[in-house]
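The sequence and the three-dimensional view come first, and the description follows.

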There are 2 protein chains.
Amino acid sequence: MVKSILPEFEPADDSHVDASAPIFVTEKDVREWVRLEHIMPVVKDAFIALGEGRSTIFPLSRGTGSDPSHFFGIKAGRDGASGFLGVKAGSYIPSNRLRGMQAHTSTTMLFDDETGAFVGVVEANYLNGIRTAAANGVATDLLARHDSTTLGIIGLGPQAECEVMAVCAVRPITRILASMRNPASNAAFAASISAQTGIDVEMTSAEEVVRSADILVTATPSRYPVLETEWVRPGTHISAMGADDVGKQELPVTLVARASLVVDLAQQAARIGEAQYVVSQSLTTIDQLEERSLGKLLASKDVGRRDRDEITIFDSSGLAIQDVAAAAAAVRLVRAGRYAAARSGR
Amino acid sequence: MVKSILPEFEPADDSHVDASAPIFVTEKDVREWVRLEHIMPVVKDAFIALGEGRSTIFPLSRGTGSDPSHFFGIKAGRDGASGFLGVKAGSYIPSNRLRGMQAHTSTTMLFDDETGAFVGVVEANYLNGIRTAAANGVATDLLARHDSTTLGIIGLGPQAECEVMAVCAVRPITRILASMRNPASNAAFAASISAQTGIDVEMTSAEEVVRSADILVTATPSRYPVLETEWVRPGTHISAMGADDVGKQELPVTLVARASLVVDLAQQAARIGEAQYVVSQSLTTIDQLEERSLGKLLASKDVGRRDRDEITIFDSSGLAIQDVAAAAAAVRLVRAGRYAAARSGR
């Protein structure tokens, strides 16, 4: 029922589609043709390529709109696995919620590594959630105990849903507890998870979620710890998905310092991830983080978890290579989907 | 015959066009609907807004493809004049020439400043040349003697053509001398300039070009000075369009140090523009450059040129606000053009 391995990526049959003209992949296209199970394997490949030194992450660029609370961030890089370069522009406009619009938007341009040619642009609002959850799935598959059955989640609506599905794809989850910050969306979240997994979500306190969890996911925009160190049981795996800016934080520094910490990219995690506090307090170094980065562990076929009782933490700050890998897969899938739809006379 | 003022920008009539869906503006669209005279006024407005502190330039992000000679650079910012944010990805792949493809490609994404919404993507290869020449036109209009009639150009093919047309739009040019690095394209360049201006281009040495010019434009990818200080007559205006990376250089440091230097953006010019050498040799400071930046001079209605005999230099490193302003204008023009074409049953 719940998949226990990463599904194989079936390369889309796009041999009959003209792939020479740049493509515009809309949000609707992505929602129609792209699934988490397509993205998780390509994100894993992207992390392996990064760990093998076959990829490049360009420096972050960030700024604001005319309203200083309107945040824009640009992530760019080259994914050695898919062979594409890409640039993702993300915005965060808190006041959009008052308009009934989403606060986060993401758009990714893809380029050919050989010629620099523009390959296409992908509206990536939904895709951004998937590529983030895909990294969680890949890290959880490496770090969580194989007999993990209870998943706890502290987070917000749509992203939390992606994260739950990513964990359920890699471990035999039979129980899900959640502490949600926005009660208004609880029912929709629970209904969707139940429909997809057959599991009834238990809504409860953050403390009970943490104390019960074999695998814990935090997916919040918090700037303070959302849990206490003593709540965490030995052997728990935690995927901390929220911290992606200076000042963001989900976990107590004491917990991060004590746990086995795996980052997505040492330099970036030390600047904007959960790791920023242990680095600034000299509890670890960027070199030590680099040793235990996700790509390095995957590339070296490291076992990841070293014993049943260690607490493992995956610190996800979000990498351009995830955006590139996901957008490249989306372009293939949408080309193939449009072609199949046209051939079937839809 | 040759226009002596910046033409007015006629806002395109797009009131009947659905502007709510993101638009994909192709290279062909830009070449069909967008002209230098549309872009020069919006680039001028963008520089004024920058000088008034109403715009933002995000940090540059740069990297390479898998081949270290494949250069990718990302410029992003907010243009307070047009009200859009944008991200331009530019690539430079020298080996493309062997494939019969252009070495430079540019693509720009636009976003709404209020909501972060994706407005559209613009293939900007041709547009990049226009937005660069537009800055030259705006700076030349401020800095060159009003009675300048002889234009000299040292440069390469298509970009040189844009630059000539930008200068001809703002000064009563009657004579054009050129020193081109690629003799193969000389005839095409001269024929195109003659067709557009009625002036026969004189192809000659760099020294004669410089010694004759009232206005001199350098538009090369050079890493060494392309002229000697003593060739330059008093009262000459020079637009140095080439330097946009560490190590690029078109003018001798002695000339830059002696002249009245106007930069597009002090921080950026000091890093990648012609100004990098006078700053690194402590012949000027970033604060001094900032005082004489193009936007500041335009915003304060400075006269620009202070006397007939001073040598003025415009150091163009290329700003994201030029890309944003040009792409925003292109979106309007292409929407209006497509609408008019559809209505006339084309």
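A residue is called buried when its relative accessible area is under 20%, and exposed when that area is over 50%. The structure is a predicted model.

Chain A as a whole is described first. Chain A holds 12 helices and 14 strands. Its C-alpha trace spans about 55 × 45 × 45 Å along the principal axes. A compact globule of 346 residues would have a radius of gyration near 20 Å, and the 19 Å of chain A agrees with this. Of the 346 residues in chain A, 61% are buried. Among contacts in chain A with a separation of 6 or more, 71% join residues 24 or more positions apart.

| Helix | Residues | Number of residues | First to last C-alpha | Expected span |
|---|---|---|---|---|
| H2 of chain A | 36-51 | 16 residues | 22 Å | 22 Å |
| H3 of chain B | 125-143 | 19 residues | 28 Å | 27 Å |

For H2(A), the reach is close to the span expected at 1.5 Å a residue, and the reach of H3(B) is likewise close to its expected span.

How many of the 16 residues of H2(A) are buried? The number is 12, so H2(A) is largely enclosed by the rest of the structure. The buried residues of H2(A) include A:Leu36, A:His38, A:Pro41, A:Phe47 and A:Gly51. After H2(A) comes A:Gly53, which has a positive phi near 75°.

One residue of chain B is then considered by itself. B:Gln322 lies in helix H12 of chain B, which covers residues 320-343. Is B:Gln322 buried or exposed? Its relative accessibility is 0%, so B:Gln322 counts as buried. Apart from its neighbours within four places in sequence, B:Gln322 is in contact with B:Val43, B:Phe47, B:Arg131, B:Thr132, B:Ala135 and B:Asp264.

Notes: Residues are numbered from 1 along each chain as its sequence is written. Chains are lettered from A and ligands numbered from 1 in the order in which they are written. This is a predicted model: local features need pLDDT of at least 70, side-chain atom pairs count only at pLDDT 80 or more; totals for chains, interfaces and linings use all residues. Side-chain values use heavy atoms; hydrogens and water are left out. Helices (H or I, at least four residues) and strands (E, at least two) are DSSP runs, numbered from the N terminus. The radius of gyration is taken over C-alpha atoms; the globule rule is 2.2 Å times the number of residues to the power 0.38. Buried means under 20% relative accessible area, exposed over 50%, partly exposed in between (1.4 Å probe, protein chains only). Contact means heavy atoms within 4.5 Å. The expected span of a helix is 1.5 Å times one less than its number of residues.
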